[in-house]
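I opened my notebook to jot down a few things I wanted to look up here. Come along and check them with me.

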2 protein chains.
Amino acid sequence: MKTSSDKNIVEMFNSGNSSAKTLLVSDAFDMMRGGHLHELSLAYETFGKLNKEHNNVVVIFTGLSASSHVTSSSKNKSPGWWESMVGSKKAIDTDKYYVICINNLGSCFGSTSPVSVNSVTGKPYRLTFPELAVEDMANASHLLLEKLGVSTINILIGPSLGGMKALAYSIIHNKFVKNLILISTATQALPYAIALRSLQREVIRKDPLWNNGFYSYENPPLNGVRIARKIGMTSYRSASEWSQRFGRKKSADSKLNQNTFGIENTSFEYEIESYLEHQAVKFQNIFDANCYLYLSRAMDWFDVANHGESALDAISKTNIERALVLGVTTDILFPPQQQKEIAELLSLANTKVEYKELNCIQGHDSFLVDTDTFAKEVKGFISNL
Amino acid sequence: MKTSSDKNIVEMFNSGNSSAKTLLVSDAFDMMRGGHLHELSLAYETFGKLNKEHNNVVVIFTGLSASSHVTSSSKNKSPGWWESMVGSKKAIDTDKYYVICINNLGSCFGSTSPVSVNSVTGKPYRLTFPELAVEDMANASHLLLEKLGVSTINILIGPSLGGMKALAYSIIHNKFVKNLILISTATQALPYAIALRSLQREVIRKDPLWNNGFYSYENPPLNGVRIARKIGMTSYRSASEWSQRFGRKKSADSKLNQNTFGIENTSFEYEIESYLEHQAVKFQNIFDANCYLYLSRAMDWFDVANHGESALDAISKTNIERALVLGVTTDILFPPQQQKEIAELLSLANTKVEYKELNCIQGHDSFLVDTDTFAKEVKGFISNL
């Protein structure tokens with residue numbers, strides 16, 4: 001069903017990211033698991049300048065929910081999602097490097113996705129969008145980089161889903177990547193992570209407003225997306241951080257709107273509950289439910305071993321000179337053992353690898369929060385290239 | 001609204017537990033957070049015989065979702081929830097001890113709860129049930145034990161919520177408990193656990209069939225209860241157990257009923273997803289949604305520090321001779337630090353304490369799964385009393 005707002009959907013999701021450019025990179029794109037896109041556009045942002053030698057390209061692949069707005073610029077002064085990592089004189093120095101941050105294929109922040117209008121039908125794809133794999137995100141990014149005239153990526157960086165995508169890219173487009181920085185990512189999804197994502201998708205699909213993907217964009221399944229985000233957050237942070245930060249503190253509105261049964265209604269009694277609500281409400285208002293389902297499932301499917309006889313065989317297809325692999329002790333979603341495994345595989349594949357397990361308290365999200373600790377490692381690695 | 005099935009609700013929930021006796025322990029029961037019950041009944045089961053000296057009483061308090069059927073008996077041969085721990089010649093030896101397992105106040109397995117019919121209105125309490133605290137469960141159990149003629153509990157055992165209840169009991173009824181065994185429990189709920197329980201309750205409350213607690217017992221909010229249980233399970237087990245047990249195995253029905261979008265519909269692609277579904281469907285069919293909300297919130301509210309100037313002051317009110325405190329390395333819901341804290345507090349309160357952190361892989365649920373490891377510790381402790 002076509003609603004009056006269909007044509008404005010991409011613009012709606014893209015608002016607040018005025019600096020993102022969107023490039024039509026292909027009018028024919030085959031997806032890895034079958035299916036085909038008639039138009040493939042990616043949103044991206046660039047910072048700094050490409051040098052004459054074309055050897056200062058840094059490409060940043062993002063996590064599930066980030067846009068291409070990795071840092072502020074003169075065009076868009078609002079802080080980016082990795083503001084203290086990327087910029088002039090920062091660890092990823094935009095005075096030296098030409099930095100390109102690419103929004104994921106399937107994301108609602110400007111790239112072709114389930115909210116995009118299918119040019120053949122004139123309606124948003126919704127669930128007619130083909131099955132999305134991490135490899136499709138990598139391949140789409142490669143087309144964009146070719147259009148931008150990039151022949152070699154000097155440094156490819158990916159945290160979380162971005163790291164899976166960077167691994168896929170380094171295997172499939174192995175002539176293009178020289179150095180690799182992987183943060184809190186994995187060669188394959190493990191069952192605990194699959195369980196948490198499966199649950200998030202189930203909550204969205206069980207929201208009556210989801211309506212098998214044919215929800216109204218004016219009245220989308222906010223409950224489903226909000227609760228999914230909260231489930232996600234229980235795996236993005238750590239119990240010890242929350243104990244330090246919130247303890248058993250009551251929330252400011254704990255006396256308001258509570259029904260007489262002591263079961264919270266619209267307000268929440270404990271600060272941890274209010275915190276989750278606040279963060280998840282922000283998310284429900286900017287992220288499309290169907291996009292979330294597709295991106296989430298893509299992470300479950302990812303397994304580098306699909307690119308060879310084994311994970312090692314697949315990783316051996318990469319051609320990385322040097323790699324930095326960073327994990328976090330308190331990360332329960334992409335636990336440090338998975339980072340160690342990546343480092344060992346790359347090392348066996350003749351890459352010179354530095355591996356560090358950082359003792360941050362913020363779990364999987366540490367790279368977004370304790371950026372100083374990560375910036376120090378990234379800066380050290382880059383300065384030795 | 002009174003449905004035709006109202007009078008049979010308790011019987012319905014109690015079916016399959018034919019050996020539980022239900023005793024009306026009081027016709028006036030004041031709840032700690034305010035409110036009042038006109039009738040208070042508790043379901044319980046006993047095993048073994050009270051000796052002449054009345055000094056062989058073992059009381060078992062249960063976790064959130066267990067019934068009083070802790071082990072099989074001649075009256076009910078179906079296996080109990082702690083079958084390999086309790087019985088003739090087992091760690092808790094019913095040849096020697098008179099074992100009483102008490103169903104929690106607020107549970108739908110026979111005790112007075114939100115599914116019970118309020119004798120004044122003739123309708124189930126539902127959300128008119130007063131706010132439920134762990135202390136109410138302890139106080140109700142004390143009334144039952146008095147009715148049963150128990151003057152001293154030789155050994156009080158509580159895992160999880162049962163441990164919170166055992167702590168509350170030992171503080172409030174401090175003349176009655178001699179020895180204490182606490183397993184994977186806590187002196188207070190921490191924010192990570194509160195977050196996970198808050199989410200479970202939100203999922204139930206957002207199920208349209210929940211209907212503010214006034215659901216039809218023929219058509220209850222199964223989606224909400226099922227998904228809540230799955231969220232719970234992600235904290236009851238451990239990521240490492242699931243990696244070993246399921247890895248990335250596909251489920252047997254992974255090719256069935258999947259829609260063309262690769263987003264699971266009624267079937268699940270990975271074995272971990274099918275496992276969660278299977279376990280949670282079993283739960284949704286036996287556990288009442290409102291009871292779940294009340295029991296869940298009671299755990300959030302629990303904090304021994306409410307019984308004194310501090311946690312230590314509260315624990316100092318106990319009068320325990322010897323205690324065994326067991327925690328599990330992989331428990332993320334009641335982490336081993338919380339067990340260590342209990343042991344230290346009891347020790348400061350002049351209890352002779354044995355504390356062990358067990359290296360089981362099954363997380364919080366280890367006491368239910370790796371029973372051999374726990375039975376060895378419990379047996380050792382009891383044999384030295």
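**Helix pair.** I began with helix α2 (residues 134-147) and helix α3 (residues 161-172) of chain A in this predicted model. Their axes lie 8 Å apart, and I noted a packing angle of about 65°. The crossing of α2(A) and α3(A) turned out to be right-handed. From α2(A), the contact draws on V134(A), E135(A), M137(A), A138(A), N139(A), S141(A) and H142(A). On the α3(A) side I listed M164(A), K165(A), A168(A), Y169(A) and I172(A). Sorted by class, the contact of α2(A) with α3(A) has seven nonpolar, three polar and two charged residues.

**One tyrosine.** Next I looked up Y294(A), which sits in helix α8 (residues 289-301) of chain A. Is Y294(A) buried or exposed? I counted 27 other C-beta atoms within 10 Å of Y294(A), and 20 or more are enough, so Y294(A) is buried. Leaving out residues up to four places away in sequence, Y294(A) touches G106(A), P114(A), F129(A) and L132(A). I also checked E354(A), 60 residues apart from Y294(A) along the chain; their C-alpha atoms are separated by 33 Å.

**Between the chains.** Last, I turned to the interface, where 41 residues of chain B are in contact with 41 residues of chain A. Which helices of chain B each supply at least two residues of the side that touches chain A? I found α4 (191-206), α5 (222-236), α6 (239-245), α7 (271-284) and α8 (289-301). The largest share, eleven residues, comes from α4(B). By class, I noted 23 nonpolar, seven polar and eleven charged residues on the side of chain B that touches chain A.

Methods:
Residues numbered from 1 in each chain as written. Chains lettered and ligands numbered in written order. Predicted model: local features only at pLDDT ≥ 70, side-chain atom pairs only at ≥ 80, totals over all residues. Helix = DSSP H or I, 4+ residues; strand = E, 2+ residues; numbered from the N terminus. Buried ≥ 20, exposed ≤ 12 C-beta atoms within 10 Å, placed from the backbone. Contact = placed C-beta atoms within 7 Å. Nonpolar A, V, L, I, M, F, W, Y, C, P; charged D, E, K, R; others polar. Axes fitted to C-alpha atoms, helices over the stretch in contact; angles between N-to-C directions. Left-handed = near helix turned anticlockwise from the far one by under 90°.
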